[in-house]
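This briefing is meant for a reader who is new to the structure. Please look over the sequence and the model before going through the points below.

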Amino acid sequence: MTENLNRPSAGIFFIIIGVIAITLNDLMIKLLSGGYPLHEMVFIRSGLGIVFSLIFVQFEGGFGILRTRTPWLHLLRGLIIVVSNMTYFAALAALPLADATALFFVAPLMITLLSIPLLGEKVGPWRLGAVAVGFCGVLLMMQAWRGDSAPADVPFIILILPMISALTYALNQIMTRKLGVASKASAMSVYIQLTFIVVSLGFYVVAGDGRFAEGVSNESVVFLLRAWVMPEGNDRWVFAALGVNSAIIGFCLGQAYRLASAATLAPFEYLGLPLAVFWGWLIWAEFPAPLVLAGIALIMGSGIFVFVREQIKSRPMIKKRVHRRY
C-alpha cells in the first residue's frame with residue numbers, strides 16, 4: 001500500500017520500540033547465561049515467539065502469506081542469522097553488554113565493504129574513510145596491542161565473536177539484496193523462529209546432556225554446550241518475556257522498514273549503544289573504560305556517517321537493520 005512507504009513518524013516509533021526490545025533481549029540472555037545453555041534459551045524463546053508471530057500473521061493477511069516461492073533461500077538466510085545470533089550471544093556470556101553491542105555495530109561498515117566485490121557497487125573515498133575510522137574504533141575496543149589482558153580480561157577469541165556475528169549478518173543482508181527476498185514482516189519472523197527451533201533441537205540431540213561442556217573453562221563454550229536445566233522460580237518469567245520480546249522485535253523492525261526508509265531509521269538504531277551502556281551500568285555496575293568509550297564513539301559516528309553519505313548520494317540502500325537479532 002502506498003501509505004506504508006511514506007510514514008516516517010510511524011516508522012521511527014516502531015524502530016525505537018524494536019531497539020528497546022533488542023536491548024532487553026540481550027539483557028535477559030546475559031542474565032540467564034550463567035545457569036542455562038544457549039540452545040535451550042533459543043528453543044524456549046523461539047517456541048513462544050512463533051506463537052505470537054503467528055498471531056501477527058493473522059493481522060497481516062492470514063496463513064496464506066507464509067507460502068513462498070523461495071523456501072531454500074529463506075532456509076539459507078535463517079541459518080546465516082542463526083550463526084550471527086549464536087556467536088553474538090556466546091560473546092554476551094563473557095563480555096560486558098556495551099562491548100559486545102558496540103563490536104556488533106561494525107555490521108553496516110562490513111556491508112559497505114562487501115558490497116564492492118559482491119554487488120559491484122562503487123564506494124567513494126568518504127565512505128571508505130568512514131569504514132577505516134570505524135575499524136580504528138574496533139581496535140581501540142579490542143586493544144589488541146595489550147594481548148590477553150585486553151579488555152575485561154577475556155581471551156582475544158571472545159572479542160572476535162561479535163565481529164563474526166557482524167560479518168555473517170552483513171553477508172545475510174548482501175544475500176537478501178542480491179536475491180531479492182520479499183515477504184511480510186510477520187512471515188519473515190515465522191521463518192526465522194522455525195529455523196531457530198530446528199537448530200536448537202539439533203544442539204539438544206547432540207549435546208543436550210552437557211557431556212561436551214565437562215572440563216571446559218571458557219564461559220562462551222560452556223554457555224553453548226552445558227546441559228539443559230528446567231527453568232525455576234523467577235527464571236520462568238524471564239523465559240516467557242524472552243518469547244514475547246522475540247515476536248515484538250521481529251514485528252517492530254519489519255514494520256519500521258515498511259513504513260520508512262533505511263536512511264531515516266538508521267540513526268535511531270544506534271540508540272542501542274547508549275542503552276547497552278546504561279543496562280550494563282544499572283545491572284552489573286559495568287562502565288566502559290575511556291578507550292572503550294572512544295572506540296564506541298568512533299564506531300557509532302562512522303556508521304551514522306555512512307548512512308548519511310548514502311542518503312546524500314541518493315543511492316539504492318541496503319536495509320541495514322543492524323540489530324535484527326531475533
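Which element of the protein has the lowest mean pLDDT, and which the highest? Helix 11 (residues 262-269) has the lowest, at 71, and helix 12 has the highest, at 91. The model is a predicted one, and pLDDT averages 82 over the protein.

**Confidence**

- A pLDDT of at least 70 is reached by 85% of the residues.
- Over residues 316-321 the pLDDT stays under 50.
- For this stretch, residues 316-321, the model has 30 contacts beyond four places in sequence.
- Where pLDDT is low, the predicted coordinates should not be read in detail.

**Aromatic pairs**

- A pair of aromatic rings is described by the distance of the centres and the angle of the planes.
- The structure contains 11 aromatic pairs.
- One of the pairs joins Tyr88 and Phe104 in an edge-to-face arrangement, with 5.7 Å from centre to centre and 65 degrees between the planes.
- Tyr88 belongs to helix 3 (residues 71-92) and Phe104 to helix 4 (residues 97-104), so this pair ties together parts that are 16 residues apart in sequence.
- Tyr88 counts as buried because its relative accessibility is 0%.
- Phe104 also has a relative accessibility of 0% and therefore counts as buried.
- Another pair, Phe278 with Trp281, is tilted, with 6.1 Å between the centres and 40 degrees between the planes.
- Phe278 and Trp281 are three residues apart in helix 12 (residues 272-284), so about one helical turn separates them.
- Phe278 has a relative accessible area of 38%, which makes Phe278 partly exposed.
- Trp281, with a relative accessible area of 49%, is partly exposed.
- Tyr88 and Phe104 also belong to one aromatic cluster together with Phe89 and Tyr169.

**Charges over rings**

- Lys30 lies over the face of Trp284, and the distance to the ring centre is 5.5 Å.
- Arg45 lies over the face of Phe196, at 5.6 Å from the ring centre.

**Gln193 in helix 8**

- Gln193 is part of helix 8 (residues 185-207).
- Its relative accessibility is 0%, so Gln193 counts as buried.
- The side chains of Gln193 and Ser246 make a polar contact of 2.8 Å.
- Apart from neighbours within four places in sequence, the residues in contact with Gln193 are Ser46, Gly49, Ile50, Ser53, Ser246 and Ala247.

**Thr168 in helix 7**

- Helix 7 (residues 156-179) holds Thr168.
- Thr168 has a relative accessible area of 13% and is buried, because buried means under 20%.
- A polar atom of the Thr168 side chain lies 3.0 Å from the backbone oxygen of Ser165.
- Not counting residues up to four places away in sequence, Thr168 touches Ile80, Val83 and Ser84.

**Residues apart in sequence**

- Phe307 sits in helix 13 (residues 290-313).
- With a relative accessible area of 3%, Phe307 is buried.
- Phe307 and Pro267 are 40 residues apart in sequence, and their C-alpha atoms are 8.0 Å apart in space.
- Pro71 is a residue of helix 3.
- Pro71 counts as partly exposed, at 45% relative accessibility.
- Between Pro71 and Tyr191 there are 9.2 Å in space, C-alpha to C-alpha, while the two are 120 residues apart in sequence.

**Cysteines**

- How many disulfides are there? The count comes to zero.
- Cys136 is partly exposed, with a relative accessible area of 41%.
- Cys252 has a relative accessibility of 7% and counts as buried.

Terms used:
Residues numbered from 1 in each chain as written. Predicted model: local features only at pLDDT ≥ 70, side-chain atom pairs only at ≥ 80, totals over all residues. Heavy atoms only, no water. Phe/Tyr/Trp six-rings, centres within 6.5 Å; stacked < 30°, edge-to-face > 60°. Helix = DSSP H or I, 4+ residues; strand = E, 2+ residues; numbered from the N terminus. Buried < 20%, exposed > 50% of the residue type's maximum accessible area, 1.4 Å probe, protein only. Lys NZ or Arg CZ within 6 Å of the ring centre and 35° of its normal. pLDDT = per-residue confidence, 0-100. Contact = heavy atoms within 4.5 Å. Polar contact = N/O pair within 3.5 Å; in protein donor to acceptor, adjacent residues only side chain to side chain. Disulfide = S-S within 2.5 Å.
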